[in-house]
Amino acid sequence: MPAATAPPTAAIRRLLPKPPPWVVMYHSIADTTDDPYRVTVSPVRFARQLHWLNDRGLRGVSVRELLTARAEGRAKGLVGLTFDDGYADFVESALPLLRRHGFTATVYVLPGRIGGDNDWDGDGPRKPLLSEDGILRVAQAGMEIGSHGLRHVSLPTLDAPTLVRETARSRELLQEITGTPVDGFCYPYGDVDARAVQAVRDAGYRYGCAIDPGDLTCAHALPRVHIGEQDTPWRLTVKRLLHPLRRRRPADLERVVLQETP
């Protein structure tokens, strides 16, 4: 009898990239009464969400820690926790709860708006952003500080010099403040294209976080899952199960599937 051969689908599965790590996206931890852009989670809901992670043997970590562990083959049970925009409420509302669980997180801040507010959200309430002292307090508490650009603008819309300022210059400023390397970048609005990814890579970042980068998915354009006030344990479970499907196959792997699948 001829030797048994692996089914085509098994061969395809070996060729496909590993699912991206599970990284969740928060913004502000505060009162949710006025929240038209759904960027706020109440401290009570946030505490319950952290309990949900803990009860399932999952540990929240910064993206830098998650990617390091993944490269070393020890990322099982780790979840990347990220906070966009660098809201000042992180210090009083999020940090104590994270420390209670022994979790860390990455906070993406805007060095061009230090001590300012979120005036890019035209119809929402004004929320204060971290001051320089606040950024240092977050870093000293063991959290990772990453860049969200200089002033929260969509990178694909920028000319070349402005794109460099939003990526490379923002990294330089944050490194001056913290005195440590800044490894991560987060794309404002989740807007990303190949040119923006290249600019982030050229600026020296080790990784970048997007939302749904599709075929651009890579270490410099990681997908993330938005977490909001309505995310109960049931919804969190569904989001975790669906996350591996968020990455679309690159075109060359799609061709392999078409050619080898009966």
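Reader: How many aromatic pairs does a search of the whole structure find?
Author: The search finds seven aromatic pairs. Please note that the model is a predicted one.

Reader: What is the geometry of the pair formed by Phe 83 and Phe 90?
Author: Phe 83 and Phe 90 are arranged edge-to-face. Their ring centres are 4.9 Å apart, and the planes make an angle of 75 degrees.

Reader: Are those two, Phe 83 and Phe 90, buried or exposed?
Author: Phe 83 and Phe 90 are both buried.

Reader: Which residues do ring pairs link into a cluster?
Author: The cluster consists of Tyr 26, Phe 46, Phe 83 and Phe 90, linked through ring pairs. The edge-to-face pair of Phe 83 and Phe 90 therefore belongs to this cluster.

Reader: Turning to charges over rings, what lies over the face of Tyr 87?
Author: Lys 127 lies over the face of Tyr 87, at 6.0 Å from the ring centre.

Reader: And which residue lies over the face of Tyr 205?
Author: That residue is Arg 171, placed 5.6 Å from the centre of the Tyr 205 ring.

Reader: Now the salt bridges. What does the count come to?
Author: The count comes to eleven salt bridges. One of them joins Asp 84 to Arg 224, with the closest N and O atoms 2.8 Å apart.

Reader: Why does the pair of Asp 84 and Arg 224 tie together parts that are apart in sequence?
Author: Asp 84 sits in the loop between β5 (78–83) and α4 (89–101), whereas Arg 224 sits in the loop between β9 (207–209) and β10 (225–226), so the pair ties together parts that are 140 residues apart in sequence.

Reader: Is Asp 84 buried or exposed, and what of Arg 224?
Author: Asp 84 is buried, and Arg 224 is buried as well.

Reader: Which residue forms a salt bridge with Arg 113?
Author: Arg 113 forms one with Asp 119, and the closest N and O atoms are 2.7 Å apart. Arg 113 has a relative accessible area of 12%, so this residue counts as buried. Asp 119 has a relative accessibility of 40% and therefore counts as partly exposed.

Reader: What about Lys 239: which side chain does it meet in a salt bridge?
Author: The side chain of Lys 239 meets that of Asp 231, at 2.9 Å from N to O. Asp 231 is buried, with a relative accessible area of 2%.

Reader: Finally, which residues are linked in a network of salt bridges?
Author: Arg 64, Asp 183 and Arg 206 are linked in such a network.

Note on methods
Residues are numbered from 1 along each chain as its sequence is written. This is a predicted model: local features need pLDDT of at least 70, side-chain atom pairs count only at pLDDT 80 or more; totals for chains, interfaces and linings use all residues. Side-chain values use heavy atoms; hydrogens and water are left out. Rings of Phe, Tyr and Trp (its six-membered ring) pair if their centres lie within 6.5 Å; planes under 30 degrees apart count as stacked, over 60 as edge-to-face and the rest as tilted. Buried means under 20% relative accessible area, exposed over 50%, partly exposed in between (1.4 Å probe, protein chains only). A charge sits over a ring if NZ of Lys or CZ of Arg is within 6 Å of the ring centre and within 35 degrees of the ring normal. A salt bridge is a side-chain nitrogen of Lys or Arg within 4 Å of a carboxyl oxygen of Asp or Glu. Helices (H or I, at least four residues) and strands (E, at least two) are DSSP runs, numbered from the N terminus.
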